[in-house]
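User: I'd like to go through the aromatic side chains in this one with you. Can we take it residue by residue?

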Amino acid sequence: KNSYIGNEEAIAKGKKVFGLYSCTQCHGPDGRGQVGPGLVGPTFKYPKNATNKGMFETIWHGTNGGMGGKGIGIMDPTDPKNGITPDEALKVIAWIRTKGDQGVTGNE
């Protein structure tokens, strides 16, 4: 569950993290896509991203042939402190979920 869904403070932090890790370069400033796919539903390049668990997995581990994993210790194996923490990933997802019809309900 993502307890940050609807939490304005967490959503603001998620937006900041989205910018700090240059997610905007591929996904656009509002997560609707640019070079990389849009993160706003109801259709997703990776259908599992319709759920918060699935989107967390995508952020954390990356995709085949696409985005590299952003999870701490995964993003840069030479620096185990570099990357997004689980808490930050949940906040990013909470921010993304404010961007339109997501196909998710509540804090699943």
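User: Is Trp60 buried or exposed?

Analyst: Bearing in mind that this is a predicted model, Trp60 counts as buried, with a relative accessibility of 14%, because the cut-off for buried is under 20%.

User: And Phe56, what does its relative accessibility make it?

Analyst: Phe56 comes out at 22% relative accessibility and therefore counts as partly exposed.

User: How are the rings of Phe56 and Trp60 arranged as a pair?

Analyst: They are stacked, with 5.6 Å from centre to centre and 10 degrees between the planes. Both residues belong to helix 3 (residues 52-61), where they are four residues apart, or about one turn of the helix.

User: How many aromatic pairs are there by this rule?

Analyst: The count is two aromatic pairs. In the pair made by Phe18 and Trp95, the ring centres are 4.7 Å apart and the planes stand at 45 degrees, so this pair is tilted.

User: Are Phe18 and Trp95 buried or exposed?

Analyst: Phe18 is buried, at a relative accessible area of 2%, and Trp95 also counts as buried, at 4% relative accessibility.

User: Switching topic, what sits over the ring of Tyr4?

Analyst: That is the charged end of Lys91, which is placed 5.1 Å from the centre of the Tyr4 ring.

Conventions
Residues are numbered from 1 along each chain as its sequence is written. This is a predicted model: local features need pLDDT of at least 70, side-chain atom pairs count only at pLDDT 80 or more; totals for chains, interfaces and linings use all residues. Side-chain values use heavy atoms; hydrogens and water are left out. Rings of Phe, Tyr and Trp (its six-membered ring) pair if their centres lie within 6.5 Å; planes under 30 degrees apart count as stacked, over 60 as edge-to-face and the rest as tilted. Buried means under 20% relative accessible area, exposed over 50%, partly exposed in between (1.4 Å probe, protein chains only). Helices (H or I, at least four residues) and strands (E, at least two) are DSSP runs, numbered from the N terminus. A charge sits over a ring if NZ of Lys or CZ of Arg is within 6 Å of the ring centre and within 35 degrees of the ring normal.
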